[in-house]
Amino acid sequence: MEIDQNNISARILSTAPLDESVIELAAEQGVRIDSIPFISVEPIRTAEVAEEIEAALQLRTTVIFTSVNAVEAVAEIMQDQQPEWQIYCIGQKTKDLVEKYFGQDAIIGTADYGVQLADRIIEDELAEEVVFFCGSMRRPELPDMLFAAGILVTEVMVYETIPVTHQLKENYAAVLFYSPSAVNSFFEKNKLPEHALAFAIGDTTATAIRKYCQNKIILADQPRKEALAEKAIEIFGRK
């Protein structure tokens, strides 16, 4: 969508790609959103990881997914197999992808954050052990809580989160952050302008931002990238 440069009320940076519909919604409100990824995600395609996934596929067990990246990495190895898994997952997009590959009936619990999901798993008392498909920069809270509750956690690292640094020349009115790893990557070569707002998808991301600056932080109403962008549009868009 072509944006009239003379009709822009604010320029915002998203540190990860956004749906085009959100970019267009922003433009309609006079807000330009530049998407510059500060992390990249790569599946780990070693023989060892493939063997771990294959072994888990043969088990009747409880599985945890906390990102779409983990679901996609496992699905790539799974192909036409349909494991007997009970699945817990975080976030709507992850849930949608789990339903696509494993079926709706496989999902026995969801939550918005890791701590909430750990609480749910512990309260359900359905699993003495779980397989957690995760990334190289996974948060510690979920597995730590499960270990403390006596639940054995087997972690299978199926993707790698790689920092991507950029030195920015633009002074943005706001920056949208979706993970602590993206926060760390951004601040490696950049600072937030004094009056810029920082938008965080959740508390752990907000905590990471506070390590680098004193700027005002605004949290998403829901832990989704689009919800965070819509919050920024609501604040900076033409009223």
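This is a predicted model: local features need pLDDT of at least 70, side-chain atom pairs count only at pLDDT 80 or more; totals for chains, interfaces and linings use all residues.
I started with helix H2 (residues 47–57) and helix H3 (residues 68–78): their axes come within 10 Å and cross at roughly 80°. That makes H2 roughly perpendicular to H3 (65 to 115 degrees counts as such). Axes here are lines fitted to C-alpha atoms, for helices over the stretch in contact, with angles from 0 to 180 degrees between N-to-C directions. Helices (H or I, at least four residues) and strands (E, at least two) are DSSP runs, numbered from the N terminus.

Residues are numbered from 1 along each chain as its sequence is written, and side-chain values use heavy atoms, leaving out hydrogens and water.

Next I looked up who touches whom (contact: heavy atoms within 4.5 Å). From H2, Ala-50, Ile-53, Glu-54 and Leu-57 meet Ala-73, Val-74, Ile-77 and Met-78 of H3.

Then the sheet: it is open, with five parallel-paired strands in the order S2-S1-S9-S10-S11 (pairing takes at least two DSSP bridges). S2 (31–35) and S11 (217–219) are at the edges with a single partner strand each, so one side of each has no neighbour in the sheet. I got an average twist of 25° from one strand to the next. S1 (residues 10–14) pairs with S9 (residues 174–177) over three bridges, and Ser-14 sits opposite Leu-176 in S9.

Last, I checked Gln-79, in the loop between H3 and strand S5 (85–90). Gln-79 is exposed at 62% relative accessible area (exposed means over 50%, with a 1.4 Å probe and protein chains only).

Conventions:
Angles under 35 degrees count as roughly parallel, over 145 as roughly antiparallel, 65 to 115 as roughly perpendicular and the rest as oblique. Buried means under 20% relative accessible area, exposed over 50%, partly exposed in between (1.4 Å probe, protein chains only).
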